[in-house]
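Hi,

Here is the model I promised to pass on.

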Amino acid sequence: MAESTAHKLVVADRLSRRYGRLQAVCDVSFTLDKGEVLGFLGPNGAGKSTTMQMLCGCLAPTEGGIRINGVDLLEDPLAAKRQIGFLPEQPPLYAELTVDEYLRYSARLRRVARSRLGAAVATVKERCGLTDSGRRLIGNLSKGYQQRVGIAQAIVHSPPVVILDEPTVGLDPIQIREIRDLIRTLGNDHGVILSTHILPEVQMTCNRVQIIHRGKLVFSDSIDNLNRQTQADSLLLALRNKPAVTELEAVDDVSEVETLPDGRFRIRFVPDRSPADRLVTLSVEHNWGLTELTPENRTLEQIFIMLTHADQSGEATT
């Protein structure tokens, strides 16, 4: 990869995975820094889960390499996996155990020293809002609290890298908001990869986003740059006394004028140079009778569909 990777928590270099003739993931490369929450976004079947399984060492890549906090995952998998906390889409919970029993068991699996077990469990319970739930059976907890337990087991050994696969699936709106807040908090002390197909999840939680489609990365940038793409590049204009289209086309910075079926105009303009003020002035000067002037923003959903639009005859990935 072109950029320096010396201090990266995760370096995924040209990852590919094939299942026979099916190319599930193709030439995917990215990095993760401490303090980042990286959203890994894509439609169902895009290759997100396959990529997450490769990053966690559950599935070997057909091609490419992975380094976790400087450790090569393929050459030294045990050492690399100690650097990872993983919450799969179906949390690995034991309904018959209490929260305390389960978290102590998880900590022992992660080789947390016996002398530190109590402190490690207490710390993750506090961070995940489980302080008062230690003696409750996991099977009696709500779905939202079970997700909290799942996240707690992923970070009980204080890993630098936390990977969360669809952490809010099946939760109600209040639980989703609570889990989002928790993920943002985790991003202060860890590098977090959040795999999801839910658009608001990424927009409200992450500071960087990657979009995968048919196994290939089709977008990789900061969430701020993604949000900028939603900014308006057209205006909806309604006038009582309609001028000729040529008059509107002559306005500075107007690139195209479209007459809509309802009689309004769609005014497309040069990026970052809205002609709204000039249109208001002209409407007053020429008595056009302005009744509507509305910026027409692109939604995140529209951008997502544009980036992931593909031939329907293509094969789905996993």
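A network of salt bridges links Glu256, Glu258, Arg266, Arg268 and Glu296. By salt bridge I mean a side-chain nitrogen of Lys or Arg within 4 Å of a carboxyl oxygen of Asp or Glu. The whole structure has 17 of them.

Before I go on, some housekeeping. This is a predicted model, where local features need pLDDT of at least 70 and side-chain atom pairs count only at pLDDT 80 or more, while totals for chains, interfaces and linings use all residues. Residues are numbered from 1 along each chain as its sequence is written, and side-chain values use heavy atoms, with hydrogens and water left out.

Now the overall picture. The chain has 11 helices and 14 strands; these are DSSP runs numbered from the N terminus, with helices being H or I of at least four residues and strands E of at least two. The radius of gyration is 25 Å, well over the 20 Å that the globule rule gives for 318 residues, so the chain is more spread out than a compact globule. (That radius is taken over C-alpha atoms, and the rule is 2.2 Å times the number of residues to the power 0.38.) Along its principal axes, the C-alpha trace spans about 80 × 45 × 35 Å. Buried residues account for 46% of the 318 residues, where buried is under 20% relative accessible area, exposed is over 50% and partly exposed is in between (1.4 Å probe, protein chains only).

S1 (residues 10–19) and S2 (residues 22–32) run antiparallel and are joined by seven bridges; I call two strands paired if DSSP finds at least two bridges between them. Val11 has Thr31 in S2 as its bridge partner. Two residues sit between the strands of this hairpin, and Gly20 in the turn has a positive phi of about 65 degrees. Both strands belong to an open sheet of four, in the order S2-S1-S4-S5 with antiparallel pairing. S2 and S5 (71–72) stand at the edges with a single partner strand each, so one side of each has no neighbour in the sheet.

- Lys8 and Asp33 meet at 3.1 Å, N to O. Lys8 is in the segment before S1 and Asp33 in the loop between S2 and S3 (37–41), so the pair ties together parts that are 25 residues apart in sequence. Lys8 is buried at 14% relative accessible area, whereas Asp33 is partly exposed at 25%.
- Asp27 and Arg14 have their closest N and O atoms 3.4 Å apart. Asp27 is in S2 and Arg14 in S1, so this pair ties together parts 13 residues apart in sequence. Asp27 is partly exposed, at 39%.
- Arg18 and Glu63 meet at 3.5 Å, N to O. They link distant parts of the chain, with Arg18 in S1 and Glu63 in S4 (residues 63–68), 45 residues apart. Arg18 is partly exposed at 34%, and Glu63 is partly exposed at 41%.

S9 (residues 208–213) and S10 (residues 216–222) run antiparallel, joined by six bridges. Ile212 has Leu217 in S10 as its bridge partner. This hairpin has two residues between its strands, and Arg214 takes a positive phi near 50 degrees.

A couple of last items. Tyr94, Tyr105 and Leu109 make a nonpolar surface patch of about 290 Å². Patches take residues with over 30% relative accessible area and no salt bridge, joining like charges within 9 Å and nonpolar side chains (Val, Leu, Ile, Met, Phe, Trp, Tyr) within 5 Å; the areas come from the Shrake-Rupley method with a 1.4 Å probe, and for residues only the protein chains shown count as cover. Tyr105 lies in helix H3 (residues 99–109) and is partly exposed at 31%. Phe86, in strand S6 (residues 84–87), is buried at 18%. Its C-alpha atom is 18 Å from that of Val99, 13 residues apart along the chain.

Cheers
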